[in-house]
Amino acid sequence: VKCYNTDYYGVKNILSQFILHFENVLVIGCGGAGKAAALAAYDSGFCVSVANRTPEKAKSWVEENHLNDIECYGLDSMPVTKSDIIIYTVPVLPDRLAKASFNGKILIEANYATPVFADSPLLSAYISGEEWLKEQAHFGFKIMREKYL
């Protein structure tokens with residue numbers, strides 16, 4: 001039995017357009033999509049930070065997977081200003097983040113049903129959860145084709 005997390009491949013494909021121009025990625029959230037996004041950014045050669053409501057959870061995941069170059073933060077201390085790209089994987093906007101400024105940042109949002117940042121005018125670029133989902137679907141289709149055709 002094999003399992004795949006296509007979030008990883010979707011994010012990796014999205015990030016490929018930014019590799020030559022940017023270096024620092026901040027992933028907000030450390031659930032399944034956040035972990036996949038952080039690993040995709042890390043494997044693509046970006047300097048990665050992860051911010052989570054409980055930074056201990058992020059640190060534990062980083063240590064378990066020997067990803068020692070990934071820095072972990074709480075939502076109150078995340079390094080927004082030093083980040084070029086923000087990958088937002090939290091389904092809602094917690095009060096702690098409502099005041100955070102993402103001005104001039106590239107924001108990739110996982111949430112495709114009820115996006116938090118879709119109408120934010122101050123972002124340098126916004127990549128929607130629908131785009132993320134589309135990129136995942138490319139890889140999912142490839143897996144299905146190879147297995148069943």
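Local features were considered at pLDDT of at least 70 and side-chain atom pairs only at pLDDT 80 or more, whereas totals for chains, interfaces and linings use all residues of the predicted model. Residues are numbered from 1 along each chain as its sequence is written, and side-chain values rest on heavy atoms, with hydrogens and water left out.

The model contains an open sheet of six strands in the order 3-2-1-4-5-6, with parallel pairing. Strands (E, at least two residues) and helices (H or I, at least four residues) are DSSP runs numbered from the N terminus, and two strands are taken to pair if DSSP finds at least two bridges between them. From one strand to the next, the twist averages 20 degrees. Axes are lines fitted to C-alpha atoms, for helices over the stretch in contact, and angles run from 0 to 180 degrees between N-to-C directions.

Strand 4 (residues 85-88) pairs with strand 5 (residues 106-109) in the parallel sense over four bridges. Within this pairing, Ile85 stands opposite Ile106, and Tyr88 stands opposite Glu109. Strand 1 (residues 24-28) also pairs with strand 4 in the parallel sense over four bridges, and Leu26 has Ile86 of strand 4 as its bridge partner. In a regular strand the side chains alternate between the two faces of the sheet. Both faces of strand 4 are covered, with Ile85 and Ile87 on one side and Ile86 and Tyr88 on the other, all of them buried. Buried denotes under 20% relative accessible area, exposed over 50%, and partly exposed the range in between (1.4 Å probe, protein chains only).

Helix 3 (residues 55-64) lies across strand 2 (47-52) and strand 3, running at about 165 degrees to strand 3. Arg53 is found in the loop between strand 2 and helix 3 and is exposed, with a relative accessible area of 59%. The C-alpha atoms of Arg53 and Gly74 are separated by 5.6 Å, although these residues are 21 residues apart along the chain. Leaving aside residues up to four places away in sequence, Arg53 touches Leu75 and Arg96, contact being defined as heavy atoms within 4.5 Å. His66, in the loop between helix 3 and strand 3, is exposed at 62% relative accessibility. The phi of His66 is near 55 degrees, a positive value in a residue other than glycine. Most residues other than glycine have a negative phi.

Trp132 is found in helix 5 (residues 129-148) and counts as buried at 1% relative accessibility. With residues up to four places away in sequence excluded, the contacts of Trp132 include Ile87, Ile108 and Glu109. The C-alpha atoms of Trp132 and Thr6 are separated by 9.8 Å, with the two residues 126 residues apart along the chain.

The largest pocket has a volume of about 200 Å³. Of the 15 residues that line this pocket, Gly29, Cys30, Asn52, Arg53 and Val90 are the closest to its centre. A pocket is an open set of points on a 1 Å grid over the protein atoms alone, where a 1.4 Å probe fits, with protein on both sides within 12 Å along at least five of seven lines; lining residues have an atom within 4 Å of a point. Grid points are joined across faces, edges and corners, and the volume is the space filled by probe spheres set on the points.
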